[in-house]
Amino acid sequence: RLPSESEWEYSARAGSTTKYSWGDSIGSNNANCYSCGSQWDNKKTAPAGSFSANSFGLHDMHGNVWEWVEDCYQDSYKKTPANGEPHLGGACSDRVLRGGSWNYLPSYLRSADRNWYTASERYFHSGFRVAQDLEKDADREG
């Protein structure tokens, strides 16, 4: 499944309170974006895992491609569930994307930044990340 917007941001921040999981400055060669200092900047996507993992062990949360999340777009967080579930109310033809892209400025890669597109549209700078629910397996408990 797609992660909720809350799950995506929690994963991207990886316990940090800074703009990016590694700090407040984009630095050089930490991500793929327009002027991030990588060999792919403003040219194309980088192969998955090209940049260091965050403290949760997740690669490429900032930059490379805008990542679709499950939430319907709303211009504020007023109706966002407090339990991490996605906001699915309204017409839902517009969906949220997070993370920035290889052809966007570093400010769009901030953990808190968000974007949206019409769900039926496809773009060369958009992709997705899958999430898996972890359920207790009765056979493994013991």
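Guide: What follows covers the disulfides and their surroundings.

This is a predicted model, in which local features need pLDDT of at least 70, side-chain atom pairs count only at pLDDT 80 or more, and totals for chains, interfaces and linings use all residues. Residues are numbered from 1 along each chain as its sequence is written, and side-chain values use heavy atoms, with hydrogens and water left out.

A disulfide is a covalent bond between the sulfur atoms of two cysteines. Here the term is applied to a pair of cysteine sulfur atoms within 2.5 Å. Searching the whole structure turns up two disulfides. If the bonded cysteines of the protein chain are numbered in sequence order, they pair as 1-2, 3-4.

Take the pair cysteine 33 and cysteine 36. Their sulfur atoms are 1.8 Å apart, and the link is right-handed, with 95° about the S-S bond. Both cysteine 33 and cysteine 36 are buried; buried means under 20% relative accessible area, exposed over 50%, and partly exposed in between, using a 1.4 Å probe and protein chains only.

Cysteine 33 and cysteine 36 also belong to the largest nonpolar core, which has six residues in all and includes Tyr20, Ile26, Ala31 and Leu109. Such a core is a set of buried Ala, Val, Leu, Ile, Met, Phe, Trp, Tyr and Cys residues joined through side-chain atoms within 4.5 Å. In soluble globular proteins, nonpolar side chains tend to be buried together.

Leaving aside residues up to four places away in sequence, cysteine 36 touches Ile26, Gly27, Ser28, Asn29, Asn30, Ala31, Asp41, Pro106 and Leu109. Contact here means heavy atoms within 4.5 Å.

Now the other pair. Cysteine 72 is joined to cysteine 92 with an S to S distance of 1.5 Å. This link is left-handed, at -80° about the S-S bond. Strands (E, at least two residues) and helices (H or I, at least four) are DSSP runs, numbered from the N terminus. Cysteine 72 is buried, at 2% relative accessible area, and cysteine 92 counts as buried at 18%.

Valine 96 stands opposite tryptophan 116 in β3.

Conventions
Two strands pair if DSSP finds at least two bridges between them.
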